[in-house]
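Here's a quick briefing to read with the model open beside you.

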Amino acid sequence: MAWASSLGLMVLVAAMASPASAQLSATFYDTSCPNALSTIRSVVTAAVNSEPRMGASLLRLHFHDCFVQGCDASVLLSGQEQNAFPNAGSLRGFNVIDNAKTRVEAICNRTVSCADILAVAARDSVVAVSVASCCFLLLALAFICRHWLICNPLNCMQLGGPSWTVLLGRRDSTTASQALANSDLPPPSSDLASLIGNFSNKGLDVTDMVALSGAHTIGQAQCQNFRDRIYNETNINSAFATSLRANCPRASGTGDGNLAPLDATTPNAFDNAYYTNLMSNRGLLHSDQVLFNGGSTDNTVRNFASDKAAFSSAFASAMVKMANLGPLTGSQGQIRLSCSKVN
């Protein structure tokens, strides 16, 4: 656990050093709503335990929020950004955020923003997925070894994905932009140069981009987003492509919403298998495989594939940087009473 503690300190110090996060604080609700974070965590943990895919959905929801207008909960407003091409029919987890908001409002009225709830939920979803996958492993070992093993979340955290310190104090926007969502969110067809430029525009470097792409170690994608890759691209493992075609017909409009795991090796575990998959041409999306295709990011992929701790550290650091994109603070914005609409 010493490594985890040092990582948390390193990430916190790095985050507080950035100008964008100077107005945010890890202790923002310690006095005004001391049980806010534990309340959010309980809601997220229950949701992920009920449906493991929800962990990836909450993480993606936070990403899609921060890349449009900054981390201001604009993606939670009904319509607008939700109707943008990258979001329509694919964003999930709104009910979990709404549940967390209701629970938090019950103990601290008009205090905790939807933007902060979303940022905390993204972190807690990674932790919840990590613990759940570890518990499954322990139960499997118990069955194989024929003896009782107790699922201890502290032990699980040594094996699962990273945690990080979420800086708090964001306020909620009163506007959202479908046009910005269409232009600022990288599509699954993105090439490497486009990805690098897209993330650079948000103040995130190439290592941040490759690390954040590792969120695809969990979650699923729709057939319409990987159809062209499995039928028309050559830098794909043939057996992998064949296995996907059975559930994703060639004809557009047929089975568009059918799902496949972004990481077919360990789909419900937050680990570094995503990168080993790329090295064997088993990236599901075009935008995944371009990270390992003879380009400038190949060495970073190799590093993360061979060193899980390096990936965990880079992912945690990048999540802190991303969560501090353009926050509304002070008297800006508002504290929404309902995350789906302005007050």
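Helices here are DSSP runs of H or I with at least four residues, strands are E runs of at least two, and both are numbered from the N terminus. Keep in mind that this is a predicted model. Rolling a probe the size of a water molecule over the atoms shows where empty space is left.

**The largest pocket**

- The largest pocket comes out at about 890 Å³.
- Of its 39 lining residues, R60, H64, H216, L262 and L285 sit closest to the centre.
- Several elements supply at least two lining residues each: the helices α3 (53-66), α8 (192-200), α9 (206-213), α10 (223-232), α13 (286-289) and α15 (308-323), plus the strand β1 (220-222).
- Which helix gives the largest share of the lining? That's α3, with seven residues.
- Sorted by class, the pocket lining has 23 nonpolar residues, twelve polar ones and four charged ones.

**The cavity**

- Searching the whole structure turns up one cavity of 30 Å³ or more.
- The largest cavity has a volume of about 30 Å³.
- Its lining is made up of W164, T165, V166, L167, R170, V320, A323 and N324.
- Five of those lining residues are nonpolar, two are polar and one is charged.

**Where α14 meets α15**

- The axes of α14 (residues 298-306) and α15 come within 5 Å of each other and cross at roughly 115 degrees.
- Angles from 65 to 115 degrees count as roughly perpendicular, so that's the label for α14 against α15.
- On the α14 side, the contact uses N303, F304 and S306, while α15 brings K308, A310, F311 and A314.
- By class, this contact has four nonpolar residues, two polar and one charged.

- Most residues other than glycine have a negative phi.
- A73 isn't a glycine, yet its phi is positive, at about 65 degrees.
- You'll find A73 in the loop between α3 and α4 (94-107).
- Is A73 buried or exposed? Its relative accessibility is 0%, and buried means under 20%, so A73 counts as buried.
- R110 is another non-glycine residue with a positive phi, this time about 55 degrees.
- R110 lies in the loop between α4 and α5 (114-145).
- With 53% relative accessibility, R110 counts as exposed, because the cut-off for that is over 50%.

Definitions and conventions
Residues numbered from 1 in each chain as written. Predicted model: local features only at pLDDT ≥ 70, side-chain atom pairs only at ≥ 80, totals over all residues. Heavy atoms only, no water. 1 Å grid on protein atoms, 1.4 Å probe; cavity = no way out; pocket = protein on both sides within 12 Å on 5 of 7 lines; lining within 4 Å. Points joined across faces, edges and corners; volume = space filled by probe spheres on them. Nonpolar A, V, L, I, M, F, W, Y, C, P; charged D, E, K, R; others polar. Axes fitted to C-alpha atoms, helices over the stretch in contact; angles between N-to-C directions. Parallel < 35°, antiparallel > 145°, perpendicular 65-115°, else oblique. Contact = heavy atoms within 4.5 Å. Buried < 20%, exposed > 50% of the residue type's maximum accessible area, 1.4 Å probe, protein only.
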